[in-house]
Amino acid sequence: MSDFAARGEEPEVLFWVGCAGAFDDRYKRVTRAFVRILEHVGVKYAVLGMEETCTGDPAKRAGNEFLFQMQAMQNITTFEGYNVKKIVTACPHCFNTIKNEYPALGGNYEVIHHSTFLQQLIDEGRVKLEGGEAYKGRRITFHDSCYLGRANNIYEAPRAVLEALDADLVEMKRSKANGLCCGAGGAQMWKEPEPGKKDVNIERTEEALATLDGNAEALARIQGKESGNEGATPAPKQNDQSSIIAVGCPFCMTMMADGVKNKERESNVQVFDLAELVASAEGLNA
C-alpha cells in the first residue's frame, strides 16, 4: 500500500490478509491462491504488509473491549491515511469486525468477503474455471462459517462459486442458518474447548463425512434442527475420487481439517478453501 501511495496511486481494492493468512502455514496457501486469482484477472490490489495488525476481533469476543478499540482505532487510522475505500478479505471474522463494528468508531468502508468477490468475478466472466483441475462429478459439501452466515446472512455466494465448478454439491443436514459452528468462533480458537460429551468440530466433521458418504444411518443419528429443504439423505458415494469439505474461513479450515485427521479420513477427504478450488480449476496453482 505504501508503494501505491509513494507513486500517488490508489489500488482498486485493499486485500486484508488477516493473522491466519499471514502466519498459519496451511492458510498461507489460501492467501497465495487468492492473490494468484487477483493477478490472473488483473485486479489492482494492495496489502498493508507490516502495517496490518489484528482487527481486534478475538479481544472483543473475549470481552476485552478496551483492547479491541485500541486495535480498531490503529487500523482505522491506517485506512484513513491511505484513503482506503474498498476492502476484501478471506477471513469472515475480519470481515464481520471491519464491516459491522468499525463504523461505530468512525471507520466506514465497503468490505467484501472473498466468496462474494469470487462470485462476482465468475459472474462477470473474468474467472472461467477452465484449464486446470476438473471437479465435475466430485462430491463437495460446504461448511457455513457462523461469522459469514448467521452474522451476515451470506449463504449463496460460496455455493454459487462451488456450483460453477460443476461439482456434485451435497448439503449437510444442518446448513445455512441452521448450520453447526466449527467450535472456534467467539475467541474459542485460542483455548481448549469446554468439557462435554464431544468436541464441536468432531460432531461437525462426522456430519460432513456422513453427508459425503451418503451414510443415511449416520445422518439419522445427528441431532439438532434440520435446514428443511436440504434434509434428504444424499445418494451413497459411487466413485473413488476424493471428496471435499469446502470452507471459507481459516478457523473453520483448522477445525474441520483436525476433525478429518481425528477420523483418519485424510486419504479420501480433503479440506479446501474456496479460493484454492477456484485457483486449481483455473490452473493457477504454483
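Which residues do ring pairs link into a cluster? I started my notebook with that one, and the answer is Phe15, Phe34 and Phe117. A reminder to myself before going on: this is a predicted model.

**Aromatic pairs**

I searched the whole structure and got six aromatic pairs. I looked up the one between Phe34 and Phe117, which is edge-to-face, with 6.1 Å centre to centre and 70° between the planes. Phe34 belongs to helix α3 (residues 25-41) and Phe117 to helix α7 (residues 114-123), so this pair ties together parts that sit 83 residues apart in sequence. I checked burial too: Phe34 has 1% relative accessibility and counts as buried, and Phe117 is buried as well, at 3%.

Next I took Phe68 and Tyr102. Their ring centres are 6.5 Å apart and the planes make 50°, so I wrote this pair down as tilted. It links distant parts of the chain, 34 residues apart: Phe68 is in helix α5 (residues 65-81), while Tyr102 is in the loop between α6 (92-100) and β4 (110-113). Phe68 comes out buried at 2% relative accessibility, and Tyr102 is buried at 0%.

I also noted a charge over a ring. The charged end of Arg7 sits over the ring of Phe4, 4.9 Å from the ring centre.

**Nonpolar cores**

Which residues have the most contacts inside the largest nonpolar core? I found Ile37, Leu118 and Ile245, in a core of 58 residues. Helix α3 gives the largest share of this core, with eight residues. I then listed what Ile37 touches, leaving out residues up to four places away in sequence: Leu118, Leu121, Val127, Ala275, Val278, Ala279 and Leu284. There is a second, separate core of 24 residues, and I picked out Ala46, Ile76, Tyr82 and Ile87 among its members. I jotted down the general background here: in soluble globular proteins, nonpolar side chains tend to be buried together.

**The sheet**

In what order do the four strands of the open sheet run? I read off β2-β1-β3-β4, with parallel pairing. The edges are β2 (45-46) and β4; each has a single partner strand, so one side of each has no neighbour in the sheet. I followed β3 (residues 86-89) along β4 and found four bridges joining these parallel strands. One detail I kept is that Ile87 has Val111 as its bridge partner in β4.

Then I looked at the helices on the sheet. α6 packs on it, touching β1 (13-16), β3 and β4, and the direction of α6 makes about 160° with that of β4. α7 packs on the sheet too, touching β3 and β4, and its direction makes about 85° with that of β4.

**Positive phi**

Most residues other than glycine have a negative phi. Asn83 is not a glycine, yet its phi is positive, about 55°. It lies in the loop between α5 and β3. Is Asn83 buried, exposed or partly exposed? I have it as partly exposed, with a relative accessible area of 36%.

Leu129 went on the list too, with a positive phi of about 55° although it is not a glycine. I found Leu129 in the loop between α7 and β5 (139-142). Leu129 is buried, with a relative accessible area of 16%, which is under the 20% cut-off for buried.

Note on methods. Residues are numbered from 1 along each chain as its sequence is written. This is a predicted model: local features need pLDDT of at least 70, side-chain atom pairs count only at pLDDT 80 or more; totals for chains, interfaces and linings use all residues. Side-chain values use heavy atoms; hydrogens and water are left out. Rings of Phe, Tyr and Trp (its six-membered ring) pair if their centres lie within 6.5 Å; planes under 30 degrees apart count as stacked, over 60 as edge-to-face and the rest as tilted. Helices (H or I, at least four residues) and strands (E, at least two) are DSSP runs, numbered from the N terminus. Buried means under 20% relative accessible area, exposed over 50%, partly exposed in between (1.4 Å probe, protein chains only). A charge sits over a ring if NZ of Lys or CZ of Arg is within 6 Å of the ring centre and within 35 degrees of the ring normal. A nonpolar core is a set of buried Ala, Val, Leu, Ile, Met, Phe, Trp, Tyr and Cys residues joined through side-chain atoms within 4.5 Å. Contact means heavy atoms within 4.5 Å. Two strands pair if DSSP finds at least two bridges between them. Axes are lines fitted to C-alpha atoms, for helices over the stretch in contact, and angles run from 0 to 180 degrees between N-to-C directions.
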